[in-house]
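Here's a quick briefing to read with the structure open beside you. Let's walk through a few spots worth a look.

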Amino acid sequence: MTGKAELDTLNIPAHVAVIMDGNGRWAKQRGGLRVFGHQSAITAVRETVEEAAQLGVRYLTLYAFSTENWNRPKLEVMALMQLLVHTIRQETATLLKNSIRLEAIGDISTLPSNCQRELAESMELTKDGNRMTLVLALSYSGRWDLTQAAKRMAVDVANGQLRPADVTEATVESYLVTAKMPDPELLIRTSGEQRISNFLLWQLAYTELYITDLLWPDFRKEHFQEAIRAYQRRERRFGKTSEQITVS
Ligand code: IPE
Ligand code: IPE
Ligand code: MG
């Protein structure tokens, strides 16, 4: 609680992205199965969503399942998909109550049909939520995103709807699945791993990285606040000099 007062309410990132990592290790430390770790991660998700909305974050993107995660043991993949269905079903009412809109990015057509149905239903029900957009990255990877963008651009060039000479960074951005969102100012990764793991490769170009050793199931509101506090201590230079930033 005390920490909250120290946060600069005028400098809250508009978009926070999170690599929720460490569920398996959390379970192993307790002698449980990996799935137990995933089940125990829901509280962390709930607390993070609540705190982000409370602080005024506009977009919260959670990396829930990567393209590469399909290579895990079949039982774990199935358990994760079931957990997804169950959690969306359970949390939609809370999202609605808090005016939070649910969105999904990734190769959604590869998800089991009941997951797709549950997602579509929840997205439709929450579509008018204007307090915060909660974006679930599912069957997502940065390379997948860039590839689908390149493919659609090529189609539009072939159709005569896009001229190669007119392609700018803004054009590329408009073909990414994150087209309508600002780039994340802050990326949080739990479990201490110092890597991006094929997350938002284009969008993270100038994102501040915050890595904590905490395992995801232990992540709570105060830890989210701590990440924001760390972000607020950073000097974002975007290639300029420190003097240029502080004078202007
Ligand atoms: C993150 O925790 C959840 C997903 C990737 C779906 P992990 O399952 O990767 O946990 P660790 O990294 O093995 O501890
Ligand atoms: C990244 O975690 C993906 C998600 C959190 C969904 P991983 O556990 O899959 O990442 P790596 O394989 O250790 O890089
Ligand atoms: Mg992991």
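Predicted model: local features only at pLDDT ≥ 70, side-chain atom pairs only at ≥ 80, totals over all residues.

**Aromatic rings**

- Across the whole structure, a search turns up eight aromatic pairs.
- One of them is Tyr-140 with Phe-199, an edge-to-face pair with 6.2 Å from centre to centre and 85° between the planes.
- That pair ties together distant parts of the chain: Tyr-140 belongs to strand S4 (residues 132–140), while Phe-199 is in the loop between strand S5 (186–189) and strand S6 (208–211), and the two are 59 residues apart.
- Both Tyr-140 and Phe-199 are buried.
- Phe-219 has a ring partner in Trp-216: the centres are 5.1 Å apart and the planes sit at 20°, so this pair is stacked.
- Trp-216 is buried too, at 1% relative accessibility.
- Ring pairs also join Tyr-63, Tyr-140, Trp-144 and Phe-199 into a cluster.
- For a charge over a ring, look at Arg-30, which lies over the face of Trp-26 at 3.9 Å from the ring centre.

**The annotated active site**

- Which residues does the UniProt "active site" annotation cover? The unreviewed entry lists Asp-21 and Asn-69.
- Asp-21 and Asn-69 are both part of the lining of the largest pocket.
- Asp-21 sits in the loop that runs between strand S1 (15–19) and helix H2 (23–29), and with a relative accessibility of 16% Asp-21 counts as buried.
- Leaving out residues up to four places away in sequence, Asp-21 touches Arg-189, Thr-190, Ser-191, Glu-193, Leu-215 and Trp-216. Trp-216 is the ring that stacks with Phe-219.
- Asn-69 is in a loop as well, between strand S2 (59–66) and helix H5 (74–97), and Asn-69 is buried at a relative accessible area of 16%.
- The Asn-69 side chain reaches back to the backbone nitrogen of Ser-66, at 2.8 Å.

**Asn-198 and what it touches**

- Asn-198 is placed in the loop between S5 and S6, and at 16% relative accessibility Asn-198 counts as buried.
- Its side chain makes a polar contact of 3.0 Å with the side chain of Glu-68.
- The side chain of Asn-198 also reaches the backbone nitrogen of Arg-143, at 3.0 Å.
- Not counting residues up to four places away in sequence, the residues touched by Asn-198 are Tyr-63, Glu-68, Tyr-140, Ser-141, Gly-142 and Arg-143. Tyr-63 and Tyr-140 are members of the ring cluster.

**Out at the surface: Gln-161**

- Is Gln-161 buried or exposed? Gln-161 is exposed, because its relative accessible area is 61%, over the 50% cut-off.
- Gln-161 is found in the loop between helix H7 (142–159) and helix H8 (169–175).
- The side chains of Gln-161 and Asn-159 make a polar contact at 3.2 Å.
- Gln-161 and Met-132 are separated by 29 residues in sequence and by 33 Å in space, C-alpha to C-alpha.

How values were computed: Residues numbered from 1 in each chain as written. Chains lettered and ligands numbered in written order. Heavy atoms only, no water. UniProt positions renumbered as here; feature names shortened; annotations may be inferred. 1 Å grid on protein atoms, 1.4 Å probe; cavity = no way out; pocket = protein on both sides within 12 Å on 5 of 7 lines; lining within 4 Å. Helix = DSSP H or I, 4+ residues; strand = E, 2+ residues; numbered from the N terminus. Buried < 20%, exposed > 50% of the residue type's maximum accessible area, 1.4 Å probe, protein only. Contact = heavy atoms within 4.5 Å. Polar contact = N/O pair within 3.5 Å; in protein donor to acceptor, adjacent residues only side chain to side chain. Phe/Tyr/Trp six-rings, centres within 6.5 Å; stacked < 30°, edge-to-face > 60°. Lys NZ or Arg CZ within 6 Å of the ring centre and 35° of its normal.
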